Structure formats: structure tokens, C-alpha cells
Amino acid sequence: MDRNCIAVLEKIHSLSPAGRYVIIAEDEFYEAFPEGCETSDRELDRVLTALRNDGYIDLKYSRGDMYCVAPLKDYAEEQPEDDGDVEESYAEETERRKFFDPVFFSAFVGGALGSLIISVIFAFV
């Protein structure tokens, strides 16, 4: 989500609690845009469409320069997950597999058993 989307979402949340519709003028959205960003009808439509498609707002209608929107959820930055535990468990499992690999053992036993069965069949035929 770019900074224009975040700014517009914060503006909507400042004017209305979650789930409540509020009518906002186009100029108020333009005021929320960060400094140096493009402020055009096209950019505003792109931002509102992106927020609606991602489930952050519900856009009931837009007529002229007035928009009826309701915030649905807050934006939270994605935190990188701590995969230290996963890496440790993977390292332990890899260390354990060095001594005993169940896949290799199963393949070896299956091949030996198959050879034994075929040998017994040919011995009696």
C-alpha cells in the first residue's frame, strides 16, 4: 500500500468510526495527500479503488465531488515473522536425519523385499 492510500485511509478513520458511513468532499481527500504527491481525480479514484478492493473501506456512492465511505479495518504494517524457531527445528531434524534417513531405509527394504518375492516365485516355477 503506498503512502497516498495510507493518508486517505487515515483521513477516513479520523472522520468516522469503523463501519459508519461519512460523506467526504473531494477537497478533504486532496488535503490528506502527502506533500509532493499528485492530486488529481484520477489518482484519487485509483486510491479509493485500491482501498475498496483490499477491503479497507466501503464506498457506497460518489456523486460529483462528494463520496460516501465507511472505514472497515485499520491498516497495520506487515511485521517480518521471527523464523528463528523454524530454522532451529529444521537444523535439529537435519542433524537427526544424517544418522537415520527413513526414506532411504524404506526404499532399501522395499527393494530387498521385492527382489526376495520375485526370487521365490521363480524358484517354484
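In what order do the elements of the chain run from the N terminus on? They run α-β-α-α-β-β-α-α. The legends below refer to a predicted model.

**Figure 1. Overview of the chain, with its 5 helices and 3 strands.** The chain has 125 residues, and buried residues make up 23% of them. Among contacts between residues at least 6 apart in sequence, 58% join residues at least 24 apart.

**Figure 2. The largest nonpolar core, a set of 19 residues.** Val8, Phe29, Leu51 and Val69 touch the most other members of this core. Two or more core residues come from each of these elements: α1 (3-15), β1 (22-25), α2 (26-32), α3 (41-53), β2 (57-63) and β3 (66-71). Leaving aside residues up to four places away in sequence, Val8 touches Phe29, Phe33, Val47, Leu48 and Leu51.

**Figure 3. Strand β3 and its pairing with β1 and β2.** β3 pairs with β1 in the antiparallel sense over 4 bridges. With β2, the pairing of β3 is also antiparallel, over 6 bridges. Ile23 stands opposite Cys68 of β3, and Leu59 has Val69 of β3 as its bridge partner. β3 is largely enclosed by the rest of the structure, because 5 of its 6 residues are buried. The hairpin of β2 and β3 has 2 residues between the strands, and Gly64 in this hairpin takes a positive phi near 65 degrees.

Figure 4. Asn4 is placed in helix α1. Is Asn4 buried or exposed? Asn4 counts as buried because its relative accessibility is 6%, and the limit for buried is under 20%. Not counting residues up to four places away in sequence, Asn4 touches Phe33, Pro34, Cys37, Glu43, Arg46 and Val47.

**Figure 5. The salt bridges of Arg46 with Asp2 and Glu43.** Side chains of opposite charge can pair when their charged atoms come close. A search of the whole structure finds 2 salt bridges. In the salt bridge of Asp2 with Arg46, the closest N and O atoms are 2.5 Å apart. Asp2 lies in the segment before α1 and Arg46 in helix α3, so this pair ties together parts that are 44 residues apart in sequence. Arg46 also forms a salt bridge with Glu43, where the closest N and O atoms are 2.7 Å apart. Both Arg46 and Glu43 lie in helix α3, 3 residues apart, which is about one turn of the helix. Glu43 is buried, with a relative accessible area of 11%. Asp2 is partly exposed at 30%, and Arg46 is partly exposed at 36%.

**Figure 6. Glu31 of helix α2, shown with Lys11.** Glu31 is exposed because its relative accessible area is 61%, and exposed means over 50%. In sequence, Glu31 and Lys11 are 20 residues apart. In space, they are 9.1 Å apart from C-alpha to C-alpha.

**Figure 7. A nonpolar surface patch of about 1000 Å².** Which residues make this patch? They are Leu113, Leu116, Ile117, Ile118, Val120, Ile121, Phe122, Phe124 and Val125. One of them, Phe124, lies in helix α5 (residues 102-124). Phe124 counts as exposed, at 73% relative accessibility.

Methods. Residues are numbered from 1 along each chain as its sequence is written. This is a predicted model: local features need pLDDT of at least 70, side-chain atom pairs count only at pLDDT 80 or more; totals for chains, interfaces and linings use all residues. Side-chain values use heavy atoms; hydrogens and water are left out. A nonpolar core is a set of buried Ala, Val, Leu, Ile, Met, Phe, Trp, Tyr and Cys residues joined through side-chain atoms within 4.5 Å. Buried means under 20% relative accessible area, exposed over 50%, partly exposed in between (1.4 Å probe, protein chains only). Contact means heavy atoms within 4.5 Å. Patches are made of residues with over 30% relative accessible area and no salt bridge: like charges are joined within 9 Å, nonpolar side chains (Val, Leu, Ile, Met, Phe, Trp, Tyr) within 5 Å. Accessible areas come from the Shrake-Rupley method with a 1.4 Å probe; for residues, only the protein chains shown count as cover. A salt bridge is a side-chain nitrogen of Lys or Arg within 4 Å of a carboxyl oxygen of Asp or Glu. Two strands pair if DSSP finds at least two bridges between them.
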